Amino acid sequence: MATPIKRIEKDFLLKVLYDEQIPIMYLRDRTEYILLLDKPAKSELVFKADRPVSRLKVRQKLDLMFDYRGQVVIFAAEVSSFKDDIITVAAPEFLYKNLDRSYSRIGTPTDLQVQFTFLGDRYNLSFPKVTEYESGEIGDFIRDMDPRNLSGLIGQMAGWIKGYANSYKLVIFKDVKPSSTEERILAETGKTLYLPSTLANLPQTDPYPKKRLITEEMFKRYLESTGVNLEYVDSACARFIKAKFDSGIFSDAWIPILFQEYVVGYIHIWINKEGKLPFDYGVIDTLYQFAKVLAFSLKENGYFDSGRLKNEPFEGKVVDISASGILFAYPHSSLSTALLPDSELAVKLITPRRSVNANARIVRRYKDNSLGYFGCRFLDMAPEDMRFLFEYIYGKPFTDTDASFLSGQV
């Protein structure tokens with residue numbers, strides 16, 4: 001992820017931009033402009049461009065980039081005034097390094113049209129929805145299972161659980177809505193409520209790269225959202241755990257069953273007798289895989305068919321684009337809520353000369369009051385399409401030198 005540069009280093013870099021006359025690159029409408037600092041950096045930066053920048057406006061944001069000793073640095077600056085080839089901008093608050101994109105992004109060319117289509121089926125279901133979830137393949141886990149034999153899968157899972165838990169419960173939110181504290185927080189977060197021992201606390205941290213667990217801090221925030229006063233949150237959390245111990249439960253886990261962005265149910269396991277070890281992460285991992293298989297089996301058995309939507313292309317407002325990815329915006333809607341990290345889209349890039357078809361994965365998302373913003377990375381684009389897109393976006397042939405400069409993998 002791009003890293004903000006600290007103030008001392010930022011001031012140093014702005015100084016050497018002038019002292020060493022390091023070229024700064026600005027890309028616009030497939031044209032590359034080279035800017036040099038004309039005066040030492042202060043509250044404003046005064047640039048001299050190699051030629052007047054077309055269609056420049058006051059308050060326009062410029063996305064700028066330079067290379068300092070092999071380190072690519074980017075920053076955004078707002079134009080305060082300009083005349084001919086002299087451009088004055090407000091000094092940037094941040095510079096960024098360690099970019100996580102492969103090529104520099106520029107504003108969308110005016111003659112580019114982009115269409116998106118979901119890859120795979122999409123659904124509108126009545127189950128609880130989450131804003132993010134961990135997608136992934138079930139892989140070898142299902143190798144010896146028949147996904148259409150739902151009762152057989154449940155039987156296999158029950159047999160495995162007996163080795164680690166005294167009891168279990170499988171719930172699907174079809175005719176029953178989340179009601180208990182455990183069900184509601186699981187449905188809201190799409191994460192596992194894991195309590196290895198009812199004589200201890202909820203996990204303080206989540207060891208999974210893509211977070212799966214409800215930590216103690218998350219649980220306390222949930223209690224606040226239900227109306228528990230902040231000064232009583234700690235005691236309410238302790239009472240929640242103590243109530244489990246008092247009821248005879250020694251170890252407890254609630255694992256969500258996720259289908260796309262929907263929480264369709266959960267697997268609840270617990271230990272209430274002596275003789276079994278508390279649940280460890282290995283148990284949670286296996287049940288997480290069982291939950292994936294169950295969701296896949298429900299789909300294969302037509303459980304979600306009534307909610308399947310017609311998969312039609314849609315057009316988002318493209319904010320910027322590079323040879324390796326695209327950022328687009330879409331109004332808040334049922335469609336935008338399905339645009340989750342790791343979702344994959346088919347993208348059609350239509351230019352006056354030719355069209356490029358590619359797949360893309362959503363790698364980040366954020367939102368404002370009216371729009372959701374979705375940053376996507378192109379996947380396995382054909383070399384000839386990559387070359388064409390590069391030359392179309394940047395207005396010049398692809399060369400090793402350009403690749404080195406524009407690369408964000410530094």
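A salt bridge is a side-chain nitrogen of Lys or Arg within 4 Å of a carboxyl oxygen of Asp or Glu. In this predicted model, Lys-10 does not form one, although the residue is buried. The nearest side chain of opposite charge belongs to Asp-11, at a distance of 4.7 Å. Lys-10 is part of helix α1, which spans residues 7-19. Leaving aside residues up to four places away in sequence, Lys-10 is in contact with Ile-5, Pro-92, Glu-93 and Leu-95.

A contact between two helices was examined next. Helix α4 (residues 216-225) packs with helix α5 (residues 233-246) at an angle of about 110 degrees, and their axes are 10 Å apart. Because of this angle, α4 is roughly perpendicular to α5. On the α4 side, the contact is made by Glu-216, Phe-219, Lys-220, Leu-223 and Glu-224. The α5 side contributes Val-233, Asp-234, Ala-236, Cys-237 and Phe-240. Sorted by class, the contact of α4 with α5 has 6 nonpolar and 4 charged residues, and no polar ones.

Backbone angles were also considered. Most residues other than glycine have a negative phi. Arg-55 has a positive value, near 55 degrees. This residue is placed in the loop between β4 (44-49) and β5 (61-68). Arg-55 counts as partly exposed because its relative accessibility is 48%. A positive phi is also found at Asp-342, where the value is near 85 degrees. Asp-342 is located in the loop between α7 (334-337) and β19 (344-350).

Note on methods
Residues numbered from 1 in each chain as written. Predicted model: local features only at pLDDT ≥ 70, side-chain atom pairs only at ≥ 80, totals over all residues. Heavy atoms only, no water. Axes fitted to C-alpha atoms, helices over the stretch in contact; angles between N-to-C directions. Helix = DSSP H or I, 4+ residues; strand = E, 2+ residues; numbered from the N terminus. Parallel < 35°, antiparallel > 145°, perpendicular 65-115°, else oblique. Contact = heavy atoms within 4.5 Å. Nonpolar A, V, L, I, M, F, W, Y, C, P; charged D, E, K, R; others polar. Buried < 20%, exposed > 50% of the residue type's maximum accessible area, 1.4 Å probe, protein only. Lys, Arg positive; Asp, Glu negative; His and termini not counted.
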